[in-house]
Amino acid sequence: MVPPDPPQRREERKGPPKLLAMTREISSSIGDCELTYQERRPIDLALAKSQHLRYEQALEELGCTVERLPAAPELPDSVFVEDTAIVLDELAVITRPGAESRRPETEPIAAALRAYRHLEFIRAPGTLDGGDVLRVNKQLFVGLSFRTNADGIEQLRRILQPFGYGVAAVPVRGCLHLKSAVTEVDRDTLLINREWIDADAFGRVRLIDVDPAEPMAANALLIEQAVIYSSAFPRTRKRLENVGIVVHPVDASELAKAEGGVTCCSLVFHFSS
Ligand code: CIR
């Protein structure tokens, strides 16, 4: 009988790290989603699903392996997986979303992430939405928002400190999450709406302002050398392309009615196969 490989031998056989994008199918109850700044408008579920599929294809075109979790009919906002976890190279932190209706979303995400990472958890009374967490290298900027409170940020700081990450709280005003106001579009380059966030918080990075006619345009999803970006913001897209950023446009009109942007619908991280 051939003995099984010792663990270190299996390690040796691992290929180079690849990118995994975890997504979740849109819930049939998406029309009952949480809304903070927008009026409720009807969402075309079939159109939303086909846009979501295109989004997943864009992730694949940019080199991601997509792992799609099944829909949760009873959880309207469950497509917005970004809010449920912060996935870093060393571990994943399962959040405690600020909206009570969204808290049950985390369990299946934790179960799926357990295959890839050690897990830590944000606990009551802390609240934290992943949409409030922007990572730039080893620094995490965390929005102090309607959804994320000081206790949640403090817990995150304590969990990540041993791994060498800095955590800085940044007050957010006038929008749902920090990443509605600012996202990374290139190494050390941020796309920002300064109406909603104080640019000084981010130190010496290059900043690109959204076009004033497109206040919602700061949400872009950087995948290696390109950004997935909503086609609703052509003026800001031009600004990105003018400085050499490669833009991969997607139509995200339906989930935008649920106050979701392109970062919200995936958790992207490295994994070894
Ligand atoms: C909510 O209000 O929680 C959802 N309707 C939208 C969440 C969008 N997520 C994100 O920006 N990270």
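Guide: A nitrogen atom of the ligand is 2.8 Å from a polar backbone atom of Glu-34. This is a predicted model, in which local features need pLDDT of at least 70, side-chain atom pairs count only at pLDDT 80 or more, and totals for chains, interfaces and linings use all residues. Residues are numbered from 1 along each chain as its sequence is written, and side-chain values use heavy atoms, with hydrogens and water left out.

Visitor: How much of the ligand does the protein bury?

Guide: The protein buries 98% of the 340 Å² that the ligand exposes when taken alone; these areas come from the Shrake-Rupley method with a 1.4 Å probe.

Visitor: Which residues around the ligand come nearest?

Guide: There are 14 residues around the ligand, and Asp-77, Glu-82, Arg-147, Ala-258 and Cys-264 come nearest; a residue counts as near if one of its heavy atoms lies within 4 Å. The shell divides into 4 nonpolar, 3 polar and 7 charged residues, where Asp, Glu, Lys and Arg count as charged.

Visitor: Why is the protein chain called as compact as a globular protein of its length?

Guide: The chain has 7 helices (DSSP runs of H or I, at least four residues) and 15 strands (E, at least two). Its radius of gyration is 18 Å, close to the 19 Å that the globule rule gives for 273 residues, so the protein chain is as compact as a globular protein of that length. The radius is taken over C-alpha atoms, and the rule is 2.2 Å times the number of residues to the power 0.38.

Note on methods
A polar contact is a pair of N or O atoms within 3.5 Å; within protein, one must be able to donate a hydrogen and the other to accept it, and residues adjacent in sequence count only if both atoms are side-chain atoms.
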